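Please consult the sequence and the structure below while reading.

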Amino acid sequence: MFQHLFAEMNKMLQEISTDYPTAEGARRNDLLSKYNMLHRISDEVMDEWLAFAEKLSQFRDQADFQPQPEQEQEAPEEEAPELAMDAFVRGQGYYKLLMYRKCIEQFKEVTARHPDSLAARLYLAMAYLQEGEAETAWGHLNHMLGLIRETKLKAMIYNALGCIRASQERFNEASELFSLSLLHDPALPEPNVNLEVCRKRGGKLQFGHQLVSLL
């Protein structure tokens, strides 16, 4: 499942290796930024793999693999089928590499087969926001609202929708959305900050780190 991600990373590294020696100014800074991003992703992957490998080793050393008596068990919860799609995995990789247009192409394929996939819709919404297409992002976030049961997540989506409207200086609509967010989760800190931005008609909006961390 990681082949596509590493293929894109290798492609980007080849671009850096070819162009960096003769690059100048903004192009050189762009290549250096890409190198730093690849280095960070590589370190994160290695850290996660080493931690996982250590847990595997500990389990192998401690576990008893003798056959256990058969007993009735509850059926395991079925994983969302779209998570196994190649397009989903590729889309995640593109998002991590900040290649948002290609990310969008992949997750559009996912939602064509699984239109109610919350994860795919969230990736699409965030990628469209990064591409400056706020209204398209709005459509995906709004679609999610009809599918979500968990109140905290619904509150985060209302806050995100409010940020879109506030960034368009539609402050009255934004205020209503931030109030809905607080109605679903009064403990969520961002909507209160954003309501103050609406009141002052300016300031820095708080999109919500918790929502972004779901990606």
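The side chains of E15 and K34 form a salt bridge with an N to O distance of 3.3 Å; a salt bridge is a side-chain nitrogen of Lys or Arg within 4 Å of a carboxyl oxygen of Asp or Glu. This pair links distant parts of the chain, as E15 belongs to helix 1 (residues 3-19) and K34 to helix 2 (residues 25-62), 19 residues apart. The model is predicted: local features need pLDDT of at least 70, side-chain atom pairs count only at pLDDT 80 or more, and totals for chains, interfaces and linings use all residues. Residues are numbered from 1 along each chain as its sequence is written, and side-chain values use heavy atoms, with hydrogens and water left out.

- E15 is partly exposed, at a relative accessible area of 25%; buried means under 20% relative accessible area, exposed over 50%, and partly exposed in between (1.4 Å probe, protein chains only).
- K34 likewise counts as partly exposed, at 22% relative accessibility.
- Helices are DSSP runs (H or I, at least four residues), numbered from the N terminus.

- A salt bridge of 2.8 Å, N to O, brings together the side chains of E135 and R165.
- E135 is partly exposed at 41% relative accessibility, whereas R165 is buried at 5%.

**The loop between helix 8 and helix 9**

- The side chains of D185 and K152 meet in a salt bridge of 3.1 Å, N to O.
- D185 sits in the loop between helix 8 (171-184) and helix 9 (190-200), while K152 is in helix 7, and the two residues are 33 residues apart.
- D185 is buried, with a relative accessible area of 10%, whereas K152 is partly exposed, with 29%.
- Not counting residues up to four places away in sequence, D185 touches K152 and A155, where contact means heavy atoms within 4.5 Å.

**Network and total**

- Salt bridges that share partners connect E15, D19, R27, D30 and K34 into one network.
- By the salt-bridge rule, the count for the model comes to 13 salt bridges.
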